[in-house]
Amino acid sequence: MAPIAFLAKSRPFVRLQNFKSISTFIHLQQEAQLAEPPAHAPPLPPNPASGSPRYNENWRNPTSAYSAGDGALIPVGLGFLQHTQGARIQMLSQSLDSQSLMNQFADWMTSQRWEDMKQLFEFWIRSLDVNGKPNKPDVNLYNHYLRANLMIGSSAGELLDLVAQMDDYGILPNTASYNLVLKAMQKAGETVAAEKLIERMIQTGKEYKESLPDEESYDLIIVMLLSKNQIDAALKYIDLTLKSGYMLSMKAFVDCVQSCVSNGRLETLVSIIERCKKMDQNKSLCPPWRVCNYIADIAMQSDNGELTYYALEFMAKWIAQGETARPPVLLAADEGLVVSAIGTAGRIGHSKLLDGSWAVLKRSLRQKKLPNPESYLGKIYAHANLGNLQKAFSTLHEFETAYGNSSNEDGDDLFSPFYSLNPLVMACSKNGFATLDSVYYQLENLSHANPPYKSVAALNCVILGCANIWDVDRAYQTFNAIDSSFGLTPNVHSYNALIYAFGKLSKRDEAVKVFEHFVGLGLKPNSTTYTLLIDAHLIKRDPKAALSVVDEMIHAGYEPSKKLLKKIRRRCVREMDFDSDAKVESFARQLKIRLGTESRRDVLFNLQYVTDYA
C-alpha cells in the first residue's frame with residue numbers, strides 16, 4: 001500500500017489550463033499541431049471502371065456478389081463450397097482475355113453450348129482484366145452473345161434491347177448484329193418490324209457503312225415477306241438486292257417462283273429473271289431441275305413464251321453442267337415437255353422459244369436417238385403458224401429422211417395432208433394462189449438443186465391447198481406435175497387430195513373416176529379415200545350411192561365413224577329416203593355405234609315462222 005500512496009501523493013494537485021501532455025516525461029511534453037489543408041487539392045485519378053455499366057455490380061457490391069456467386073458470400077474458389085457449373089464458368093471468365101474468350105466461344109459453338117456462352121459472357125463483362133479494368137467487349141464478341149440469346153429462344157424484342165445496350169460499351173451494332181435480330185423476327189413472323197429494321201439499317205448505313213444491309217439481310221426479309229404472300233413488298237427488296245450488287249439466294253428465288261405462280265404473277269417473275277440475267281453476280285442463277293420443269297409447265301399452261309424459254313434455258317444449263325461433271329450426270333428434258341413447248345411457240349408465234357425448244361431436245365437426245373414424229377410435226381406446225389414456209393418444208397424434209405421409210409401401221413398417216421400435215425396446207429393456202437404458186441416454184445427449183453429435193457408429201461400439200469381455195473385446175477396440174485416434172489409417183493394421199501378437189505366442186509363423176517383409176521393401178525384406198533368419196537355423193541344428194549361406198553368401206557376393213565353415219569342419216573331425212581335411213585341404223589347397230597337423236601337440229605329444221613306477234 002505504501003508505494004501506491006506514494007505515487008498518489010506525487011501527482012500535481014493543480015492542473016494548468018490548456019496544458020496537454022503526451023508523455024509523463026517532462027522533456028517530451030509537446031502540444032499537437034494540426035496540419036492546415038492546402039488551398040487547391042489535386043484531383044483523384046479517373047475511375048478505372050469507366051466504360052462499364054456493370055461496375056456497381058462487380059465484386060465490391062455484396063448484393064451482386066451474392067447473386068452472381070450462386071448464393072455464396074464466401075468465394076467459391078477457396079474450396080469451402082462444392083463447385084457448380086455456374087461457379088466454374090465464373091472462374092473461367094476471370095482467366096480469359098478477349099481473344100481467349102473468342103476462342104472459347106468458337107469451341108462451344110460447335111457443341112451448341114449456347115446457355116454456357118451466355119453465362120460466360122455475362123460473367124466476363126463483370127470481371128476485371130489484367131490491368132484492373134472491367135472487360136470491354138468488341139462488336140464481334142457481342143454478336144456471339146446475341147447469337148447465344150437467339151439460339152436459346154430469346155424474342156426479337158429482347159434482342160433489340162441487347163442491341164440497344166451495345167451503346168453502353170461504346171460499340172456500334174454492325175450488319176451481323178441486325179441480322180441476328182432479323183432471324184428472330186423471321187421465326188416470329190414479324191414482317192412489319194423487320195421492314196422497319198431494314199429501313200433503320202439503310203438510314204444508319206449512310207453514316208456507318210458497317211451497318212448497311214447485306215445479302216443475308218435482304219434474303220431474310222424477302223423470304224419473310226414471300227411467306228406472308230406480300231409479293232409487292234418483296235419485289236421492292238429484290239430490287240434493292242440487285243441494285244446493291246448482291247446475288248439473289250436460291251431459296252428466295254424458289255419462294256418467289258412459287259408465290260408468283262400461285263398468284264398468277266408470271267410477268268412479274270419474267271421481269272425478275274430478266275433483271276437477274278443483267279447482273280454479273282446473278283447470271284449463274286439456275287433453279288433446281290424440278291423447279292425448272294415446274295416453271296415450264298405453268299408457263300405453257302398460260303401461253304407465256306418468255307417464261308417457258310427461260311425455263312428451258314435453265315434446263316439447258318443443267319444439262320451442260322451435268323456433261324462436264326466428273327462423273328458425268330446425263331440429264332435429259334422430257335420430250336413430251338419439249339413438244340408442248342414447241343406447240344406453245346407455234347400457238348403464240350414465238351420463234352425464239354421454237355429454236356430454244358428444238359436445241360434443248362437435240363441436246364437431250366445426244367444424237368443417240370431420233371426425235372419422235374410428234375416433235376417433227378410440232379416443229380412443222382410452229383413454222384407454218386409463224387408463216388416461215390421455207391423452214392417448215394425444210395423440217396418436212398428432215399421428217400421424211402427420218403421416217404420416210406417407216407413400216408408401221410401409222411406410217412401413211414404421218415405424211416397425210418388431211419391430218420398431220422394439215423397446218424402446212426393451211427399456211428400454203430392462206431394467201432390464195434400467190435402463196436401456192438410460190439411454194440410450187442420453190443419446190444421445182446429445189447428439185448434441180450444439188451443434192452435435189454423431191455417430195456411427194458410437199459406436192460400433196462400444194463394439191464390440197466389448191467382444193468381449199470376451190471381451184472381444181474391448179475390442183476389437177478400439180479397432180480400431173482408429180483410424174484411429169486418431178487419424176488415421182490403419186491401416192492394414195494395425192495389421189496385423195498384430187499378426189500377432195502373434184503368433190504368440193506360437186507364433180508362427183510370425176511371424183512369417182514379418180515377413185516377407179518388408182519384402184520386399177522393396184523393402190524389400196526384408205527379410210528380417208530372412202531370418206532371423201534362418201535362426201536362427194538352426199539354433196540350430190542345421193543344417199544344410196546354413199547351407203548354403197550360405206551358397204552365397200554366395211555368390207556375393206558375400215559369402220560365408218562359416228563360423225564360420218566350421222567351425216568348420211570341427216571341427208572336421208574332431208575331427202576325423205578327412209579329406206580336408206582333404216583340402212584344407216586342397221587350399220588350403226590352392226591358397228592355398235594349409238595347415233596342418238598337430233599332433237600335440237602329438228603327444232604331448227606321444223607321451225608314455223610309466223611307474222612302474228614302476241
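Modeller: What follows starts with the whole chain and then goes through the pairs.

The model is predicted, and local features are described only where pLDDT is at least 70, side-chain atom pairs only at pLDDT 80 or more, while totals for chains, interfaces and linings use all residues. Residues are numbered from 1 along each chain as its sequence is written, and side-chain values use heavy atoms, with hydrogens and water left out.

The protein chain has 31 helices and zero strands. Of the 614 residues, 43% are buried. Buried means under 20% relative accessible area, exposed means over 50%, and partly exposed is in between, with a 1.4 Å probe and protein chains only. Among contacts (heavy atoms within 4.5 Å) with a separation of 6 or more, 63% join residues 24 or more positions apart.

Now the charged pairs. Side chains of opposite charge can pair when their charged atoms come close. A salt bridge is counted when a side-chain nitrogen of Lys or Arg is within 4 Å of a carboxyl oxygen of Asp or Glu. The whole structure holds 19 salt bridges.

One of them joins Asp-303 and Arg-347, at 2.8 Å from N to O. Asp-303 is in the loop between helix H14 (289-301) and helix H15 (305-324), and Arg-347 is in helix H16 (residues 335-348), so this pair links distant parts of the chain, 44 residues apart. Asp-303 is partly exposed, with a relative accessible area of 32%; Arg-347 is partly exposed too, at 45%.

Another salt bridge is formed by Arg-474 and Asp-437, whose closest N and O atoms are 3.1 Å apart. Arg-474 belongs to helix H24 (residues 472-484) and Asp-437 to helix H22 (residues 433-446), so the bridge ties together parts 37 residues apart in sequence. Arg-474 is partly exposed at 26% relative accessibility, and Asp-437 is partly exposed at 22%.

Asp-509 and Arg-508 also meet in a salt bridge, at 4.0 Å from N to O. Arg-508 has a relative accessible area of 19%, so this residue counts as buried.

Salt bridges can also be joined up: Glu-323, Arg-363 and Arg-366 are linked in a network. Arg-366 is found in the loop between helix H17 (351-365) and helix H18 (373-386). Its phi is positive, about 55°, although Arg-366 is not a glycine. At 21% relative accessibility, Arg-366 counts as partly exposed.

Next come the rings. Rings of Phe, Tyr and Trp (its six-membered ring) pair if their centres lie within 6.5 Å; planes under 30 degrees apart are stacked, over 60 edge-to-face, and the rest tilted. The structure holds 22 aromatic pairs. Phe-121 and Tyr-145 form one that is stacked, with 4.4 Å from centre to centre and 20° between the planes. This pair links distant parts of the chain: Phe-121 is in helix H5 (residues 114-126) and Tyr-145 in helix H6 (residues 139-151), 24 residues apart. Both Phe-121 and Tyr-145 are buried.

The ring centres of Tyr-142 and Tyr-169 are 6.1 Å apart and their planes stand at 50°, so that pair is tilted. Tyr-142 is in helix H6, while Tyr-169 is in the loop between helix H7 (156-164) and helix H8 (175-188), 27 residues away. Tyr-142 and Tyr-169 are both buried. Elsewhere, one aromatic cluster is formed by Phe-479, Tyr-495, Phe-515, Phe-518, Tyr-530 and Tyr-558.

A side chain can also meet the backbone. Thr-395, in helix H19 (residues 389-403), reaches the backbone oxygen of Lys-391 with its side chain at 2.8 Å. This is a polar contact: a pair of N or O atoms within 3.5 Å, where within protein one must be able to donate a hydrogen and the other to accept it, and residues adjacent in sequence count only if both atoms are side-chain atoms. Thr-395 is buried at 2% relative accessibility. Leaving out residues up to four places away in sequence, Thr-395 touches Tyr-376, Lys-379, Ile-380 and His-383.

Technical notes
Helix = DSSP H or I, 4+ residues; strand = E, 2+ residues; numbered from the N terminus.
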